[in-house]
Every structure is written in structure tokens, then in C-alpha cells.
Amino acid sequence: MKFNFKLSKKDKAKGEEDFQEMMKEQGELIDFLDVKKWSVPEGYVEVEYYPLKPPFSYAAIVQNEENLEYLYIVDELPLTREEREGYFRLRNILEYELQAPEGDETLEESFRRQMPLILTSHQKALTGISPVGIRKILYYLERDIVGYGKIDPLMADEYVEDIGCSGVNKPIFLWHRRYENIKTNIVFRDEQELDDFIMRIVHKAGKHVSIAFPIVDVTLPEKHRLAVSFGRETTPAGTAFTIRKFRKDPFTIIDLIQNETINESIAAYLWLLMENKMSVMIIGATGAGKTTALNAIACLIRPNYKIISVEEVAEINLPHENWTSTIARSGFGVEGEGEITLYDLIKSAVRHRPDLIIVGEVRGEEAYVLFQALATGHGGLCTLHAEDVDTAIKRLTQPPMNIPSSIIPLMNCIITVKHVRTPVFLESGKRLSSRKFVSVAEIKDAKTFPEVFSWNPSTDIFKENLSESYLLNKMASTLDIPLEKLLDELEYRKKVLMHMVEHNIRDYRSVNKVLSKYYNNPQLFQKEFLEESKW
């Protein structure tokens, strides 16, 4: 009989406390030891060096002196021969003695709770190894058993967005927020090692991958997104994978203003749209920042609105309490029985009477159901792969979406997001490489979509045309107020947003807290903002 009890917070804290005390006793002086020092490879110059999981792993950015290419080097404390032997002895013991997590315990919590007891019971396995050596062994055990093996340091780097492997004996590349696409010194040299690594992390997500089912797209426990082509069936060079890292602290509208992805006018305009349950579609190429923009705009939704999100892979992260996240499910067996599609989820979402439906990405028949939901008064927010508004409209009106042209205006606004870069031949000084809302267009009909905001690449300035905004005029008419009053409110909200920027009120919970104050007591909020600037 298996007893599945739920560990108390006290039990978890005790396990973590024992683990940390053990680490302190064994590795207190590790920072000061004469361990192998980092040395820059010949032919390279060091650009940057920063910690990942100190004192065990660091990231070094170096530049080739000849071709000026950047290289990302993971610098980890090496194990001596005796320490490697101790590592394998202890790993063999853990294969038999390490128990599965209990209740809602995470892998890391379970590992740290059990290790002090296991080490106490098997002290002979580490005979002759120094306390610092034991500390290093425990780092590698946690990295390889609980973490992501040799790419675990990359997963700890907050600047890394994507991690990609193209096969065996090919260097891993990543997308770095400062250096963009950059090669690393990490390579899977053995095909079996790479396949075992992929099978382990796919199984960690509760999914299956094999030669029979080589292509999988899963959400890992930390909500990172993993796409895999397994074996040599679809990728001749061997197993390939890409991990799109999930931010625990997602970008907010304040971050987009600070990063100059948008300006405060665009943010205030979108705030009004969200408040009035207008529907917004975000379009762009892969990697343009559509999901980031979706999360940021969704943070502007009134805190008391009921929201239902629909996704194939969980990427949306909201602070709203009245938010239900739904995820599509693949079928079981050859027949695919039990499959739950985006189409099914959107149909179900409408029955729950949400104020707003968020769809991670529309690409098929679910788009028709979404537009039907918009027709019944629900607000909508979604993304779509398309280069520009013309392409988006063509995709919507053609198979498999088949949206009738007559109801295209139910999608009130289309935002085009791009990853822009100054061409090499136009460079002067610092190279411009960033994500921008290059266009914010309103949809009057299937052939008319005037821009209210557009980004000028030559001046890096957002141009606006709010005085002729179709949606603002529509809002003013619905609210029975003059357009000028709505424009005044827009100016006020711009000041509120800039106040948040200046005081670095940027995380999604803080932004949500400000919005709650704004809506729950607007008079008091205005008084505090104008007179005392208290938050």
C-alpha cells in the first residue's frame, strides 16, 4: 500500500535547513580555496564574467580577436579524480535510496530533505574526500539528478531566453538578451547521452518521447517550453531540442516602456482598450516577442475581471485572482482518444461567462469560435503568426480559420511586434537591436485598418494619430462623453504610467496593486498621486 501524505511546511523547512547546515559545514571556505582559476582561451579576450550558481558555476563572455565573434563559456568548478569516483559511488547509492517527492514537494525540496540522512548512512562512500570536495559532489549530483545536467547553468542565467541543440557533436547555441545568438562551449559528444538527457526531462514533464513518437512539445515543471525532435528519424544529426525559458517574473507594461518597446502613450491607449473589453491581436514572426507582449498587456486588465486563458503550452502568467488557465491535451493511443483541442477549450470557456478570453496562439478552427465569443460581448486577447496586418487578415479569412470578412472588425486592434535591428551598412555607434511595437492598427473593416501608432526606424520615435482614432470615438460614444474628455483621461494615465516607470514599480503584482487602487477608489488614488505621490 502506498501512502501519499502531504509534507508540512515545517518538514520541508527542516529538510532544507539540515541541507544548508550540512553545506555550510562542508564548504564554508570554498570561496577562498586555491581552486582552478578561470583563464581566457588563447585568441579570445574576456568581455564579461558573472555568477550563475556561485561558487560552482559562472558565465564568461569572450570575444574572438580575429573575427570578433562572441562565445559563451560555462565555467564550473572541476572535480578531481577522487571526487569523480565519489560522485559515481554516491550516485549509484541514490539510484536505490532516493525516494520520489511526497505530496506537493518539488524535486529539489525532496532531494535536499533526503540528502543529509543518506550521507549520514553512507559515510564510507566519501572516505578520503575533503569537505569542499563533498560540497562539489553534491552540487553535481543536484545538477544532474534534480536539474538539467550539463545545461543546468544555462537554465540559471536570467539573461538567457532560448537554449538550442542541433544534434550530437554540435555546440549548443542560446539567445542572450545582451549578445543575441551566441555559441556556447557545451556539446553533447555522445548520442546515447543526449537521448537519455531528453528522455529524462520529457518524462519529468509527464510526457513520452520515442522513435515512434519523435516530435514532442511539452511544458516542463518550471513552465519552460521544450520542443524536441528525437533520434535520427526527423533530424539526421541526431536529437535536437529547443528550450524557451519561462520568466518567473514576467515582463510588464512598465518593462516595455523602460525597454522602449513602446512609449507611455501606447501603454495608456492599451489600458483604455483593456478596461473597455476591446479585443486585441498581437502578430509577428517567431521570436518577435508576441507572448511577452501578450502577458504585459494582460496585466492591464481590470483586477476584478474574470479571465480564462486557453493555450497549447502554458506561457501566460497573470496576477489576477479570478483567472482560470486551461491547457490543450493530446489524445491517447493511436486513435488519439481523449484529445482536448483549443477549439474545445474556447467553446468551454464561453460557458464560464468570462469578461475576457486570452488565447495563446490562434492557428486553426478555434479562431472561428473565438470570433463568435467576441460577437457575444466577451473581450479577447490573442497572438497570431503573421508579418503584417494584411497577412494576418488573409490568414484569418482563409482555411483553416475561415473567418467571414463581415466579422473581422470584431477584432478591434492588431499590434505588430518585430525584433528590429539596424542594418550593418547604416550603423553609427551602438547597434540598435530590440523589440518594438512597429504598428498599432484599428480594424474598421476587412480592408480598412488605420494606424494609430507607428514606429519610425530612422528616428526611433513612435508617431501617433489618436485624434482620429476610430476606437476612442467609439468608446466616447458608448460612454456618452466628449472625445476630449477621453483624451484627457489618456493623458492622466500616461502620467500614472510614467510615475510607475520613474519609481520602478514594475513587477506584475505591483502593477496589479496600483490598478486595484485606481479602480477601487479613483478619487483617493488621484489625490495621493497628485498631492502626495504615495503608493
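Predicted model: local features only at pLDDT ≥ 70, side-chain atom pairs only at ≥ 80, totals over all residues.
## Two buried tyrosines

Tyr 518 and Tyr 519 are both buried.

## Aromatic pairs and a cluster

The count of aromatic pairs comes to 14. One of them joins Tyr 49 and Tyr 58, whose ring centres are 5.5 Å apart and whose planes meet at 10 degrees. Planes under 30 degrees apart count as stacked, so the pair of Tyr 49 and Tyr 58 is stacked. Tyr 49 is partly exposed, with a relative accessible area of 32%.

Tyr 518 and Tyr 519 form an aromatic pair with another geometry: the centres are 5.2 Å apart, the planes lie at 90 degrees, and the arrangement is edge-to-face. These two tyrosines also take part in an aromatic cluster, together with Trp 271, Tyr 492 and Phe 525.

Phe 462 is located in strand 18, which covers residues 461–464. Its relative accessible area is 13%. Buried means under 20%, and Phe 462 is therefore buried.

Which residues does Phe 462 touch, leaving aside those up to four places away in sequence? Its contacts include Glu 260, Thr 261, Ile 262, Asn 263 and Ile 266. Lys 436, Phe 437, Ser 454 and Trp 455 are also among them.

## Helix 2 against helix 3

Helix 2 spans residues 81–97 and helix 3 spans residues 107–121. The two helices pack at an angle of about 115 degrees, and their axes are 12 Å apart. Angles of 65 to 115 degrees count as roughly perpendicular, and helix 2 and helix 3 are therefore described as roughly perpendicular to each other. Their crossing is right-handed.

Where do the two helices meet? Helix 2 contributes Leu 90, Ile 93, Leu 94 and Glu 97. Helix 3 contributes Phe 111, Gln 114, Met 115, Ile 118 and Leu 119. The residues of this contact comprise seven nonpolar, one polar and one charged.

## The chain as a whole

The chain has 535 residues, of which 49% count as buried. It contains 16 helices and 18 strands. Considering contacts between residues at least 6 apart in sequence, 58% join residues at least 24 apart.

Conventions:
Residues numbered from 1 in each chain as written. Heavy atoms only, no water. Axes fitted to C-alpha atoms, helices over the stretch in contact; angles between N-to-C directions. Helix = DSSP H or I, 4+ residues; strand = E, 2+ residues; numbered from the N terminus. Parallel < 35°, antiparallel > 145°, perpendicular 65-115°, else oblique. Left-handed = near helix turned anticlockwise from the far one by under 90°. Contact = heavy atoms within 4.5 Å. Nonpolar A, V, L, I, M, F, W, Y, C, P; charged D, E, K, R; others polar. Phe/Tyr/Trp six-rings, centres within 6.5 Å; stacked < 30°, edge-to-face > 60°. Buried < 20%, exposed > 50% of the residue type's maximum accessible area, 1.4 Å probe, protein only.
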